[in-house]
Amino acid sequence: KIINVSNSPRKNKRFRATFEDGKKIDFGKLDPTYGTYIDHHDKKKRIAYWARHIKARGERELIDNMIASPALLSLALLWGKFPTLQENIDYLNNEWEKWGG
């Protein structure tokens, strides 16, 4: 379960997710010119992002298996079904609970 999302201390990453077990994952490319769905709410760009990343076999495996990773966090939190980061965090935490995680 994600307990906090803050700015990443890594220069090339946008956010850091902290989990209740203490694990930390930095994710999201720091690219102010392009942004993500939580920034621009552009559904066409979101669909294009999903299509690109679902094709990448390694990323697809992490996403399909709901494995906490930069790939899953970027897809679910920055490009998720809701326009805000908090809504997407709540949704992902809820999905993990359904998976028994």
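# A conversation about helices, strands and core

Trainee: Which helix does Gly58 lie in?

Mentor: Gly58 is part of helix H3. Helices (H or I, at least four residues) and strands (E, at least two) are DSSP runs, numbered from the N terminus. This is a predicted model, in which local features need pLDDT of at least 70 and side-chain atom pairs count only at pLDDT 80 or more, while totals for chains, interfaces and linings use all residues. Residues are numbered from 1 along each chain as its sequence is written, and side-chain values use heavy atoms, with hydrogens and water left out.

Trainee: Why does Gly58 count as partly exposed?

Mentor: Gly58 has 48% relative accessibility, so it counts as partly exposed. Buried means under 20% relative accessible area, exposed means over 50%, and partly exposed is in between (1.4 Å probe, protein chains only).

Trainee: And how far is Gly58 from Ala71, C-alpha to C-alpha?

Mentor: Their C-alpha atoms are separated by 9.0 Å, and the two residues are 13 residues apart along the chain.

Trainee: Which element has the lowest mean pLDDT?

Mentor: That is H3, residues 57–64, at 88, whereas E1 has the highest, at 98. The mean pLDDT of the protein chain is 93, and 99% of its residues reach 70 or more. The term pLDDT is the predictor's confidence in each residue, from 0 to 100.

Trainee: Turning to the strands, in which sense do E1 and E2 pair?

Mentor: E1 (residues 2–7) and E2 (residues 13–19) pair in the antiparallel sense over 5 bridges. Two strands pair if DSSP finds at least two bridges between them. E1 and E2 form a hairpin with 5 residues between them, and Asn4 has Thr18 in E2 as its bridge partner.

Trainee: What about E2 and E3, how many bridges there?

Mentor: E2 and E3 (residues 24–29) pair over 5 bridges, in the antiparallel sense. Here 4 residues separate the two strands of the hairpin, and Gly22 in the turn has a positive phi of about 95°. Across this pair, Phe15 stands opposite Phe27 in E3.

Trainee: How many residues of H4 are buried?

Mentor: In H4, 8 of the 9 residues are buried, so this helix is largely enclosed by the rest of the structure. They are Ala71, Leu72, Leu73, Ser74, Leu75, Ala76, Leu77 and Leu78.

Trainee: What does Ser74 touch?

Mentor: Not counting residues up to four places away in sequence, Ser74 touches Phe27, Gly28, Tyr49 and Trp79. Contact means heavy atoms within 4.5 Å. The relative accessible area of Ser74 is 9%, so it is buried.

Trainee: And Thr36, where is it found?

Mentor: Thr36 is in the loop between E3 and H1. Its relative accessibility is 6%, so Thr36 counts as buried. Thr36 touches Arg14, His41, Leu78 and Trp79, again not counting residues up to four places away in sequence.

Trainee: Now H5, which of its residues are buried?

Mentor: The buried residues of H5 are Leu85, Asn88, Ile89, Leu92, Asn93, Glu95 and Trp96. They cover an arc of only 160° around the axis, which puts them on the same side of H5. The arc is that of the directions from the helix axis to the C-beta atoms. The cover over these buried residues includes E1, E2, helix H1 (37–40) and H4.

Trainee: What does the face turned away from the buried side of H5 carry?

Mentor: That face of H5 carries the exposed residues Glu97 and Lys98. Just after H5, Gly100 takes a positive phi of about 90°.

Trainee: Last topic: which residues touch the most other members of the largest nonpolar core?

Mentor: Ile2, Leu73 and Leu92 do, out of the 23 residues in this core. H4 gives the most to this core, with 6 residues. A nonpolar core is a set of buried Ala, Val, Leu, Ile, Met, Phe, Trp, Tyr and Cys residues joined through side-chain atoms within 4.5 Å.

Trainee: And what does Leu92 touch?

Mentor: Leu92 touches Ile2, Met66, Leu72, Leu73, Ala76 and Leu77, not counting residues up to four places away in sequence.
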